Amino acid sequence: MDLIPGARLVLLVLLSTIYSATLVQAEYRFDTRSTENGLPQNSVHSIIQTRDGYLWFTTFDGLVRYDGVRFTVFDRGSTRGLGSNRFNCLYEAGDGALWAGTQDGGLTRYKDGAFRTYTTADGLPHNGIVAIDDDGKNGLLVWTLTGVALWQDGHFVLHSHALLHQFIERSHWGHRDSSGAIWFFGQGNLRQLQGDHVATYSQADGLADPSVSFIYEDRKKRVWFGTQNGNLYRREGDRFVVPDYRGKLPPMRIDAISEDRHGNLWVGTFGGGLARLSGDQITVFTTGDGLPSDRVVSIFEDREGSLWVGTSNHGLALVRREAVRFLSQNDGLSGVNVYPILEDTAGSIWIGTWDGGLNRFLDGRITNVPLRQDLAQYMITALQQDRAGRLWIGHYRGVGRLEEGKFVDFAKELGLENKPVFVIHEDRSGALWFGTRAGLYRYEGGVVTRYTSAEGLAGDDVKDILEDPTGDLWIATYGGLSHLHEGRLNSFTTKDGLASDYVRTLYRDSAGRLWIGTYDGGLSRLHEGKFTNYTTVDGLFSNGVFRILNDQRGNFWMSSNRGIFRVSRDQLEAFAAGKVHQLTSVSYGNEDGLAHTECNGGQQPAGFRTRDGKLWFPTQGGVAVIDPNEVTTNSHPPPVVIEDAILDRESMVLGPSIRIEPGKENLEIPYTGLSLLNSEHVAFRYRMEGLDANWVEAGTRRSAHYSHLPPGHYTFRVTAANADGVWNDTGAALSIVVVPPFWRTWWFTGLIVLTLCGLAFSFYRLQMSRMRKAHATQRAFSQQLIEFQEGERKRIAAGLHDSLGQNLLIIKNRALLGLQSPSGDNMARDQLQEISGISSQTLDEVREIAYGLHPYQMDRLGLTKALQSMLRKVGEVSEIEFSVDIDNIDGLFPADSEINIYRIVQECVNNILKHSGATTARVAIKRDKWSVQISVADDGKGFSSEVNNARSSTGLGFGLLGISERARMLGGNQTIQSTPGKGTTVTVRIELQENSNGQ
């Protein structure tokens with residue numbers, strides 16, 4: 001239907017008003033928490049945040065504690081010390097105790113993790129508690145259904161003013177202001193108790209509606225009064241002021257009033273919703289705006305600026321100013337799937353869609369721009385304004401431009417027919433560049449030049465073009481990054497360090513650094529020829545970076561398939577320099593007003609920063625608009641609380657420390673960070689000192705698990721960061737003592753060590769005793785063997801000498817007699833002569849053998865003479881020149897030991913004769929008061945220790961072993977000094993002992 005011009009103008013004005021109002025209303029978002037999220041019941045009549053950071057709510061089925069993610073319910077079924085589940089009011093005292101009033105079960109105090117309930121038995125006028133206030137003397141002012149009590153010095157007493165009890169009425173309560181005055185409603189009038197005086201205020205005092213239902217004092221010390229009929233008054237000095245809110249506030253009972261940090265006054269009504277008073281502006285929010293219920297009974301702003309609204313029947317609402325304003329078809333967009341967005345020099349914002357053509361946003365109004373009739377189906381893919389002010393429009397089958405409001409197609413002239421154009425750029429010379437799926441096209445003066453991978457382009461699918469101050473072009477492609485310098489292309493890929501070859505967007509900062517956003521590899525930074533990459537592993541919110549926009553605060557804002565996020569550029573630079581190792585990304589999603597989180601990219605501009613500083617991003621469901629100047633940063637580090645310690649699925653009594661007895665293994669430590677703003681993004685790190693070498697990055701996980709802790713002392717520490725990356729470096733700590741089993745205690749270990757040492761010592765002594773016995777047995781056997789050998793030698797020598805020797809001597813003598821006989825013939829004489837010679841020779845040999853077996857001179861002449869005789873004979877028959885120096889050693893040794901002295905010298909001399917090849921040798925036996933030393937030296941060829949060992953191992957050194965054994969039997973020791981080519985010296989030193997002669 002056609003409209004007359006006037007009507008059309010009126011309609012446009014109305015539509016513009018509607019759109020503007022919609023944007024204003026979109027400032028606040030209402031997120032509901034109800035029984036579906038963990039509340040035990042949906043009536044929330046009181047809200048408070050205690051100094052530790054927890055948020056507490058009263059419900060009619062339990063007292064509730066909230067950390068931003070989890071509700072913890074305290075009720076009679078699970079908690080000792082409660083008198084009722086129907087809670088309705090809260091107050092935190094100066095000593096940190098939380099007081100909670102109930103509808104029928106008295107007043108409950110929570111302190112140091114324990115609950116205690118006080119009733120009429122403890123001095124309360126009634127078990128129905130209406131309100132709790134400060135009494136001005138570090139005590140409590142408790143309003144009950146039948147009177148007011150004071151909590152002082154650990155007990156309850158009735159308030160001293162009887163009128164206070166007389167005027168108070170059921171279901172009404174009062175308030176003590178900062179001046180000490182107590183305001184309350186009684187018998188149809190507003191009353192004030194100041195000291196001992198009670199003042200009554202009615203219509204005559206300017207209160208058209210004195211039926212006060214709620215009293216509140218703001219930061220300026222002004223006391224506000226809400227009434228049963230929805231009227232609002234305030235007390236300034238000694239007079240009442242009646243603001244002109246008539247007809248603007250819902251005519252419903254006011255049950256809650258609260259002031260936020262911006263000075264806005266929030267008013268909750270029973271049936272009329274929630275009203276915001278900002279100066280003279282009043283905005284009312286109802287269920288139509290997302291409020292869960294129009295029955296608002298409690299309002300509270302937490303430390304981080306979030307507003308919590310309790311309702312009487314539909315739970316809790318979190319009211320937050322939205323960071324994102326969202327434009328969709330409801331706001332006039334002709335299509336929802338938005339791709340390129342551009343602001344022109346006149347301030348119009350152009351929005352291209354895939355399903356609704358081209359839109360123009362100007363002065364808060366969205367209009368559809370008609371193009372060629374069939375163009376909408378081709379999808380708008382690129383926008384660019386040239387220096388002549390003409391708008392170029394790329395679409396899925398070519399490109400054209402607006403001229404005087406009409407679309408002129410240039411696809412055929414540029415050779416871009418049926419080619420989707422994803423980016424349009426005009427360079428400093430006025431040449432136009434078109435990025436397509438078939439390469440890069442340059443148009444100037446009617447000449448078209450095409451660049452493809454054949455000319456060195458990284459990929460033919462071009463997604464973005466950026467011109468640097470030198471006039472060089474940087475081209476983003478699905479194949480890598482290309483640099484066009486003086487007509488020559490140079491490309492970079494993942495082989496050169498690029499995060500991904502699927503490059504979607506480019507941004508150059510004021511310092512000249514090039515930032516590259518990729519489809520799936522994160523963010524890259526190119527500086528001085530080196531790439532630095534940032535991914536989700538490093539803290540980036542998403543590995544998809546479709547567009548990079550900056551703000552005046554030094555942040556980069558990036559779009560992705562998961563939403564929009566921002567990162568501080570300084571932090572990115574610090575990461576590249578190695579100064580930090582983890583990034584903090586702040587993301588924006590549905591809870592921030594982003595109605596559709598999947599953003600679009602690859603068709604430019606895929607986001608635009610307008611001249612007013614706002615950031616516009618295209619999404620699959622419309623346009624997201626962010627004003628970075630209105631986005632508040634949460635500078636409050638979250639308090640960190642260790643909530644429990646669960647050992648083998650049983651909760652422990654939590655204190656500064658816990659003790660784990662033997663046999664207990666699985667330890668779980670739940671903790672929380674009390675940031676109530678974007679609580680689901682609070683990040684944690686923890687460390688078990690004494691076990692963990694480094695911090696464990698836990699992400700958003702709110703518990704630590706240890707399947708086994710070895711015995712010892714530990715300290716568990718946990719810290720947290722809010723959604724803006726502000727860390728609480730102090731965190732919370734828990735001391736843990738793991739008690740070892742008795743068999744792992746120090747005393748048991750010591751006992752075991754002592755026992756083992758005792759056993760080892762006993763075993764050692766046993767082994768030493770066995771060794772000594774074996775050694776003694778060996779010595780005795782060796783001694784007996786040598787003595788037996790010497791005895792046998794002596795017996796054989798004696799036999800040879802006395803028996804065989806005598807017989808041979810007789811033969812010899814008879815032969816000599818035969819030779820002397822004159823009657824013998826010559827032949828007989830010859831035979832006898834031969835017998836005599838052989839007998840004489842044999843006799844000499846027998847004597848020599850006997851002497852070798854046992855030196856008979858020892859028995860006749862003594863040890864000294866025997867040694868001298870032996871050495872003299874050796875010297876006579878040997879070519880070696882012997883020198884002898886022997887002291888008199890007769891009688892120094894027992895008779896049965898002297899043979900060992902003799903044999904030692906004899907064996908040393910035999911070794912010289914057989915093995916040394918010496919020309920001279922010296923034998924010296926010297927004595928002193930305490931010892932006898934035998935030294936036998938030669939100047940022969942000598943030997944090394946290896947040869948000595950080899951001799952021993954092959955049997956050639958048994959003589960030396962015999963010398964050593966005989967020396968040991970005598971209680972002495974043997975040393976051998978020998979060098980190849982320089983001779984050998986054998987020294988035997990024997991300690992003297994008192995002999996039978998007393999020498």
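This is a predicted model: local features need pLDDT of at least 70, side-chain atom pairs count only at pLDDT 80 or more; totals for chains, interfaces and linings use all residues.
Biologist: Let us start with sheets. What holds the strands of a sheet together, and in which directions can they pair?

Modeller: Backbone hydrogen bonds link the strands of a sheet, and the pairing is either parallel or antiparallel. Take the open sheet of four strands here. Its order is β14-β15-β16-β17, and the pairing is antiparallel. β14 (174-176) and β17 (197-201) are the edge strands, each pairing on one side only. On average, neighbouring strands of this sheet are turned by 20° against each other, direction ignored.

Biologist: How many bridges join β15 and β16?

Modeller: Five bridges, in the antiparallel sense. Strand β15 covers residues 182-186, and strand β16 covers residues 189-194.

Biologist: Now hairpins. What should I read off for β18 and β19?

Modeller: Strand β18 (residues 212-217) and strand β19 (residues 223-227) run antiparallel and are joined by five bridges. Val212 faces Thr227 of β19. Five residues lie between the strands, and Lys221 in this hairpin has a positive phi near 65°. As for burial, β18 is mostly covered, with six of its six residues buried.

Biologist: Which residue takes a positive phi in the hairpin of β42 and β43?

Modeller: Gly471, with phi near 95°. That hairpin has five residues between the strands. Strand β42 (residues 462-467) pairs with strand β43 (residues 473-477) over five bridges, in the antiparallel sense. Val462 has Thr477 in β43 as its bridge partner. β42 is mostly covered too: five of its six residues are buried.

Biologist: On to helices. At what angle do α8 and α9 pack?

Modeller: The idea is to take the angle between the axes, then their separation, then the handedness. Helix α8 (residues 863-877) and helix α9 (residues 895-916) pack at about 15°, and their axes are 10 Å apart. Angles under 35 degrees count as roughly parallel. Therefore α8 and α9 are roughly parallel to each other. The crossing of α8 past α9 is right-handed.

Biologist: Which residues meet between α8 and α9?

Modeller: From α8, the residues are Leu863, Ala866, Leu867, Met870, Leu871 and Val874. They meet Glu898, Ile901, Tyr902, Val905, Gln906, Val909 and Leu913 in α9.

Biologist: Single residues next. Is Arg525 buried or exposed?

Modeller: Compare the relative accessible area with the cut-off. Buried means under 20%. Arg525 has 8%, so Arg525 is buried. This residue sits in strand β48 (residues 523-527).

Biologist: What does the side chain of Arg525 join in a polar contact?

Modeller: The side chain of Glu573, at 2.9 Å. Then widen the view to contacts beyond four places in sequence. Arg525 touches Arg513, Leu514, Trp515, Lys530, Phe531, Thr532, Tyr534, Glu573 and Ala576.

Biologist: And Gln993: buried or exposed?

Modeller: The exposed class begins over 50%. Gln993 has a relative accessible area of 66%, so Gln993 is exposed. Its place is in the segment after β71 (984-991).

Biologist: How far apart are Gln993 and Ser931 in sequence and in space?

Modeller: Check the two separations side by side. Gln993 and Ser931 are 62 residues apart in sequence. In space, the C-alpha to C-alpha distance is 8.6 Å.

Note on methods
Residues are numbered from 1 along each chain as its sequence is written. Side-chain values use heavy atoms; hydrogens and water are left out. Helices (H or I, at least four residues) and strands (E, at least two) are DSSP runs, numbered from the N terminus. Buried means under 20% relative accessible area, exposed over 50%, partly exposed in between (1.4 Å probe, protein chains only). A polar contact is a pair of N or O atoms within 3.5 Å; within protein, one must be able to donate a hydrogen and the other to accept it, and residues adjacent in sequence count only if both atoms are side-chain atoms. Contact means heavy atoms within 4.5 Å. Two strands pair if DSSP finds at least two bridges between them. Axes are lines fitted to C-alpha atoms, for helices over the stretch in contact, and angles run from 0 to 180 degrees between N-to-C directions. Angles under 35 degrees count as roughly parallel, over 145 as roughly antiparallel, 65 to 115 as roughly perpendicular and the rest as oblique. A crossing is left-handed if the near helix is turned anticlockwise from the far one by less than a right angle, and right-handed if clockwise.
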